[in-house]
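Okay, thanks everyone, let me share my screen.

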Amino acid sequence: MDILRVDPADQTQVRACHEIEVAAHEADCPEMPHMSFPVFAAMITSGWIGDPREMWLAADGSGYCGLELPERENRHLAMLDLTVRPDLRRRGAGTALFNFITKRAVELGRSALSTEAWEGSGGMEFARYVRFKPGIAEVRRVLRVGAPGAGGSAPAVATPGYSMVSWTGATPGAKLEQVAAVMAMLEDAPRDASMEAERWDSERVRLTDRRAAAQRLRYYSVAAVKGEWRGTGRWEGGGELAALSQLGVDPERPNWGWQELTAVARAHRGHRLGMAVKVAMLDLLSRAEPQLEWILTWNAEENSHMIAINEALGFKVLGEPRRSWEREI
Ligand SMILES: CC(C)(COP(=O)(O)OP(=O)(O)OC[C@H]1O[C@@H](n2cnc3c(N)ncnc32)[C@H](O)[C@@H]1OP(=O)(O)O)[C@@H](O)C(=O)NCCC(=O)NCCS
């Protein structure tokens, strides 16, 4: 099989990968919308939190494979993205792409591969076939915005001593370090035993903001900040960042909101700030995105605190979980 490095500037190649992605998505998880072209295209060269990626396309258009190469932590690891068109599966294309990309990962100095697959899918069977070992599962939940009880079933959240602020788009420059410190709190969220926690700094926050901008998302951040002032809604002056929740809306799918990080700094846990920032986000979205119908969120199945908040807000499980798989190479 001939396999070509995808040139991100070559729209024909990028479109060919996107077509494979869309066909696979419709076959494997039709219960949620597929990635729009801008969201997918931005992921050819950069991962969700700014790590470099490369993508390779089978010259016959049967599938693509890619690697995400963590730079700050997990430098032993390459994250594999491997997809074959549903009508061309079980003919060896997946194995050919896998063998190629494994060699490439070794060439790049990586000694392990991780990937993800829907539970019960062909991807899961393939992961077993190529001798990956199962890791943790992420469960999707959706909220029907505006349905009776949605968001409103949570008791009103009073957070004395804190103010709620928000911003749209990139993180204000003066706040990058504080945002990075709260992002680092994700180290307390469940992850695979072999995975190091993500290391966050201002530059990584910038890269994540850049990825959201390249995907053309309308990107919302709601934060709880220590200190009380008469709410302008803006983060003015001092005030330590205590909790943060972020969500993107793709203008090409404006009825869906995609929850990204929610985290509470360790020193500020136990004040219901996780719930408070999510309720404040729903309130913001009701004004900024009145057409929104669904919000999608993902949690590791062990993440009982976040799941309890989401269920109190009315989120319901959607489809099968997505499990991580890993092996040495
Ligand atoms: C995973 C994927 C890339 C496999 O592509 P493929 O071209 O079908 O792979 P192959 O034909 O090389 O399959 C190799 C072996 O994997 C196993 N396998 C693959 N799909 C399977 C399925 N649906 N059921 C059972 N076993 C399966 C079989 O042992 C198969 O060998 P066989 O056909 O001789 O029995 C494809 O199913 C896909 O795109 N899935 C969606 C994306 C995904 O889940 N990626 C995760 C990758 S780990």
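So, let's begin with Glu68. Glu68 is buried, since its relative accessible area is 10%, and the cut-off for buried is under 20%. Keep in mind that this is a predicted model.

What does Glu68 form a salt bridge with? The partner is Arg53, and the closest N and O atoms sit 3.1 Å apart. In terms of where they are, Glu68 belongs to strand β3, residues 63–68, and Arg53 to strand β2, residues 53–58, so we have a link between distant parts of the chain, 15 residues apart. Arg53 is buried as well, at 13% relative accessible area.

Next pair. Glu54 makes a salt bridge to Arg104, with 2.6 Å between the closest N and O atoms. Here strand β2, which holds Glu54, is linked to helix α3, residues 93–107, which holds Arg104, and the two residues are 50 apart. Buried or exposed, what about Glu54? Buried, with a relative accessible area of 6%. Arg104 comes out at 16%, and that also counts as buried.

One more pair, and that's Arg211 with Glu260. Their salt bridge has its closest N and O atoms 2.8 Å apart. Arg211 is in helix α6, residues 202–214, while Glu260 is in strand β10, residues 256–264, so the bridge ties together parts 49 residues apart in sequence. Again, both Arg211 and Glu260 are buried.

For the chain, the count is 23 salt bridges. There are 40 positive and 45 negative side chains to work with, and the centres of those two sets lie 2 Å apart.

Okay, zooming out. The chain has 8 helices and 12 strands. Its radius of gyration is 20 Å, close to the 20 Å from the globule rule for 329 residues, so the chain is as compact as a globular protein of that length. The C-alpha trace spans about 65 × 40 × 35 Å along the principal axes.

On burial, 52% of the 329 residues count as buried.

How values were computed:
Residues numbered from 1 in each chain as written. Predicted model: local features only at pLDDT ≥ 70, side-chain atom pairs only at ≥ 80, totals over all residues. Heavy atoms only, no water. Helix = DSSP H or I, 4+ residues; strand = E, 2+ residues; numbered from the N terminus. Rg over C-alpha atoms; globule rule 2.2 N^0.38 Å. Buried < 20%, exposed > 50% of the residue type's maximum accessible area, 1.4 Å probe, protein only. Lys, Arg positive; Asp, Glu negative; His and termini not counted. Charge placed at Lys NZ, Arg CZ, Asp CG, Glu CD. Salt bridge = Lys/Arg side-chain N within 4 Å of Asp/Glu carboxyl O.
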